[in-house]
Amino acid sequence: MVVFELRVSLLGAEPGVWRRVRVPGDFELRMFHLVLQMVMGWENRHLHEFVSADRKRYGDFDGYEPQADELNEKLFLLSDLVSEAGDRCLYLYDFGDDWAHEVVLEAVSEIGPEDEPVWCLGGEGACPPEDCGGEPGYLELLEQFSDLDSVGHDEAVGLLGEDFDPEAFDCSTFNKRISGMFATPGDESPSDEVDEEMQLIMELQEFLESDAVPESAMSVVMLDGFFAALAIHPVTIMPSAWLQFVWDMSGEGHQPEFASQKDAERVMGLLLAFMNSVTSTLTEVNAEYVPLFQIVPVESGEEAMLASMDWAGGFMLGAMIDEEVWVKTFSDEAGRELIAPFVIMSGYTDEGSGIDQDRQDEIREELIDEMAECVLDLQEFWEPWKKEYLARNGSGRTARAQHRVGRNEPCPCGSGKKYKQCCGK
């Protein structure tokens, strides 16, 4: 496969912020945009555009009509902007803060099928936070952060985090998250299915963080946990029952402000597509489930913990959506034990819960890598209930046509181990 090795530099940033990345030579511009968002550390909240050396402008124009000199990035490849070593273009992000990135093609090479087509090869400097006022605002923020006596020091620490290091960047964090994401073994082109899912998540995130949505709405990470709970829930929950929680977790009935009926239909289509994606992963035999909080880019361990807590909070809302199922689960000793990790991770505990309040953060750190398995264990526990509820409703059918080995049942290979510890890994 022919790949481009590029250096991406955030112009005007001090200390310097740059990344060296490898991407396929025939990469679509829209996908290169998503990679830049992830590897730089941005959150895809704002508009963007590419500007070629001959001043042509390429952007994502969903929702508004482009001007005469603007081109739709979905129709072009990265090779339309750079194709030979030394070629360069600009990537502009957030037209309020005006972050400009210089993209320079350093080399064109070939890789084998065993190599990842998208990879970070090096880099320095932490990404500035969103909406900090661009280059001058970021410099002022760093000054306040380093000056313990400044008026804005506490606010800067709150925005950046106590452990923020403006010169820090770790390639392995990005590479771990995208490993296998853009290609399947033996396939020399990016996976269209994964590309579409990434685009779906980004579009949903952009809408859920927009001014059109109430502040009490779910984040996309929380929504992933919410849909995971609905996917394994023993009772089928219709959109009319769960949609209200997506827009307003407070229960006060706040609704988003859609620009038009077409916009409302588009967003609803995104929600249903995302739910179907989560559901299909959790219902396909031998499919590998990975919670979204383990994939999204974060700058620190603290952010990773907050993302996992958001995800678990969404899962808890989905698990509690049917009162009868919730009471029955929590009244069962095994059910209560299986739901406990989600309760702890979400922070829905109090002094009467029996959880050591002083050890909650420590327990969460121990649980953070186990949440996917916790979902599958609860799914197995609820499986007989699903059949019971289907039978009660007169459906006359079971949830699956073929038997699926329980994760806590003996492995059919005869090893003597539980299935989840053997062939079900």
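Trainee: Is C120 buried or exposed, and what is its relative accessible area?

Mentor: The model is a predicted one, and what follows should be read accordingly. C120 is buried, its relative accessible area being 4%. The cut-off applied here is that a residue under 20% relative accessible area counts as buried, so C120, with its 4%, falls within that class.

The closest cysteine sulfur to that of C127 belongs to C132 and lies 8.7 Å away. A disulfide requires the two sulfur atoms to be within 2.5 Å, so the sulfur of C127 is too far from that of C132 for a bond. For the structure as a whole, the number of disulfides is zero.

D131 is placed in the loop between β8 (119-124) and α2 (134-146). Its phi is positive, at about 55°, although D131 is not a glycine. D131 counts as partly exposed, with a relative accessibility of 44%. D94 also has a positive phi, near 65°, and it too is a residue other than glycine. Its position is in the loop between β6 (88-93) and β7 (99-110). D94 is buried, at 5% relative accessible area.

Another backbone feature concerns the peptide bond between E14 and P15, which is cis, with omega at about 0°. P15 belongs to the loop that runs between β1 (2-10) and β2 (18-24).

Finally, there is a helix pair to consider. Two packed helices are described by the angle between their axes and by the distance between those axes. For helix α9 (residues 301-319) and helix α11 (residues 333-346), the axes come within 7 Å and cross at roughly 130°. That angle makes α9 oblique to α11. The crossing of α9 past α11 is left-handed. On the side of α9, the contact is made by M305, S308, M309, W311, A312, G313, F315, M316 and A319; α11 contributes I339, F342, V343, M345 and S346. In the contact of α9 with α11, eleven residues are nonpolar, three are polar and none is charged.

Technical notes: Residues are numbered from 1 along each chain as its sequence is written. This is a predicted model: local features need pLDDT of at least 70, side-chain atom pairs count only at pLDDT 80 or more; totals for chains, interfaces and linings use all residues. Side-chain values use heavy atoms; hydrogens and water are left out. Axes are lines fitted to C-alpha atoms, for helices over the stretch in contact, and angles run from 0 to 180 degrees between N-to-C directions. Helices (H or I, at least four residues) and strands (E, at least two) are DSSP runs, numbered from the N terminus. Angles under 35 degrees count as roughly parallel, over 145 as roughly antiparallel, 65 to 115 as roughly perpendicular and the rest as oblique. A crossing is left-handed if the near helix is turned anticlockwise from the far one by less than a right angle, and right-handed if clockwise. Contact means heavy atoms within 4.5 Å. Ala, Val, Leu, Ile, Met, Phe, Trp, Tyr, Cys and Pro count as nonpolar, Asp, Glu, Lys and Arg as charged, and the others, Gly among them, as polar. Buried means under 20% relative accessible area, exposed over 50%, partly exposed in between (1.4 Å probe, protein chains only).
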